[in-house]
Amino acid sequence: MLARHSSEEPGMSHHDTTLTPQSRGTSSSEVPFEAGELFFSRTDKRGVIQEGNSTFRRIAGYQWEELKGAPHKLVRHPDMPKGVFQLMWDRFGRGEKVVAYVKNRAKDGRFYWVIALSWPIAEGYISTRIKPMSPLHAKVEAIYKTLRTAEQEEGITPAESAERLLEAICGLGFSDYDAFMGHALRQELECNSKATRTTLGPMQQRFFAMYDTILELGEEVEGLVDVIRAIRTVPMNMRILASRLENVGGPISAISVNYSQMLEEMSTWIKDFAVGPDCTFARIRGQILRGQLLVCAMDIQGRMVEAFENDIAAAPDKAALQSDRAGLLREAENFHEEAQEALKIIEKEVRRLSRSVLDMKRYVTGLSSTRMMCKIESATLGDSDTALAGIVEQLDERQNEIERRLARVVEMNTNIQGHSAMLRTIA
């Protein structure tokens, strides 16, 4: 269990009140730094700084003697909501990674923003950080301001603030905080690569392509849901028409029963595939997001390892930094292995989807038969009743849309399978 008050940031020792932000003056100016500059720090389980790279020291404005052995609270900015740190420590307590935008404070009172990737290790915690540059940063900053105001003026607790943070993140369109992390780290890494004129690796590009594809697939499935919902009134209209036609309405009534059964089967298929947190679509999307986060983390760790070379060359005591460099390489390998695990699940689920689509195609074939029977009955009635002709026209339109969207689902599922196969060769 973490020996930590939940309102404290990682690295904040609750019994240490030295060098608090309030004792260092205030400033509204920002510490400038380049997109290619990466931060690294490692703390023990109490959150006390054990190691930090030259970028962290320079931007924070401290000598190493001031940082080593100090709580990470040293760079805490008073604008940061306590709920963010509550969320961090909750995730750390479950052994989970955290990606979060963080506003820090330098020794001279100036501020600087980072997007931090942090995770627990056996000895404590590691955090690597890059400069945030995507439009998402501004949206999160606005959320933070609202949360901090609520903490100060309404007196909400850190736990309540964390809950509001999660609600606000969902309000941005993310299903949960994990989805936000995968999206945020990708956006920032893409902006960072553009600013530094570096190229993302093939693993990153393939996972990004899979994620974009699964989002498109989700849109098509939503369209299928809407179409099926729209034609659920057709059997009822058929029954009404059959009752009005009396003796000659028997065949139409029988068709409506068959049609209702097929729609129920299609609705069940849609529910299994696209509804709820444990549906096939959610599992595929969740694992793609997980993999996306991990390959982004791999990229950042690779850049951090390269940045360590200069620090090691200039350090009088190279042993500690060499150890941390080796540790980052091990963590990058761990991320790689986790990404491979996610890929296995993705492949399993897309194969399941491929088999499931065959069932849906059978339902569509059944709809075609029903539509043909309706056309025959409509021709039998001739001009005596135009209502059935209208139903047939509606069936034509809706079934064409179902077939079109289902074909797109098949196409995009095949694309995901192709990307995952390529990732296997890359790995």
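Which residues are linked in a network of salt bridges? The model is predicted, and in it the network is made up of Glu 216, Glu 220, Arg 398, Glu 401, Arg 405, Arg 408 and Glu 411.

Arg 408 is partly exposed at 24% relative accessibility. Glu 216 also counts as partly exposed, at 36%.

## Other salt bridges

The whole structure holds 30 salt bridges. One of them joins Glu 154 to Arg 164, with 3.1 Å between the closest N and O atoms. Glu 154 is exposed, its relative accessible area being 53%, whereas Arg 164 is partly exposed at 32%.

Asp 359 and Arg 362 meet through their side chains in a salt bridge with an N to O distance of 1.9 Å. Both residues lie in helix 11, 3 residues apart, which is about one turn of the helix. Asp 359 is partly exposed, with 27% relative accessibility, while Arg 362 is exposed, with 54%.

## Largest pocket

The largest pocket contains about 480 Å³ of space. It is lined by 22 residues, and those closest to its centre are Asp 178, Gly 286, Gln 287, Leu 289 and Arg 290. Helix 6 (177-196) and helix 10 (280-314) are the elements that give two or more residues to this lining.

Helix 10 supplies the largest share of the lining, 9 residues. By residue class, the lining of the largest pocket has 10 charged, 7 nonpolar and 5 polar members.

## Second largest pocket

The second largest pocket has a volume of about 270 Å³. Its lining consists of Glu 51, Ser 54, Arg 57, Trp 64, Lys 68, Asp 311, Ala 314, Ala 315, Pro 316, Asp 317, Ala 320 and Leu 321. Two or more of the lining residues come from each of helix 1 (54-60), helix 10 and helix 11 (318-381).

In this second lining, 6 residues are nonpolar, 5 are charged and 1 is polar. Helix 10 contributes to the lining of the largest pocket and to that of the second largest pocket.

Technical notes:
Residues numbered from 1 in each chain as written. Predicted model: local features only at pLDDT ≥ 70, side-chain atom pairs only at ≥ 80, totals over all residues. Heavy atoms only, no water. 1 Å grid on protein atoms, 1.4 Å probe; cavity = no way out; pocket = protein on both sides within 12 Å on 5 of 7 lines; lining within 4 Å. Points joined across faces, edges and corners; volume = space filled by probe spheres on them. Helix = DSSP H or I, 4+ residues; strand = E, 2+ residues; numbered from the N terminus. Nonpolar A, V, L, I, M, F, W, Y, C, P; charged D, E, K, R; others polar. Salt bridge = Lys/Arg side-chain N within 4 Å of Asp/Glu carboxyl O. Buried < 20%, exposed > 50% of the residue type's maximum accessible area, 1.4 Å probe, protein only.
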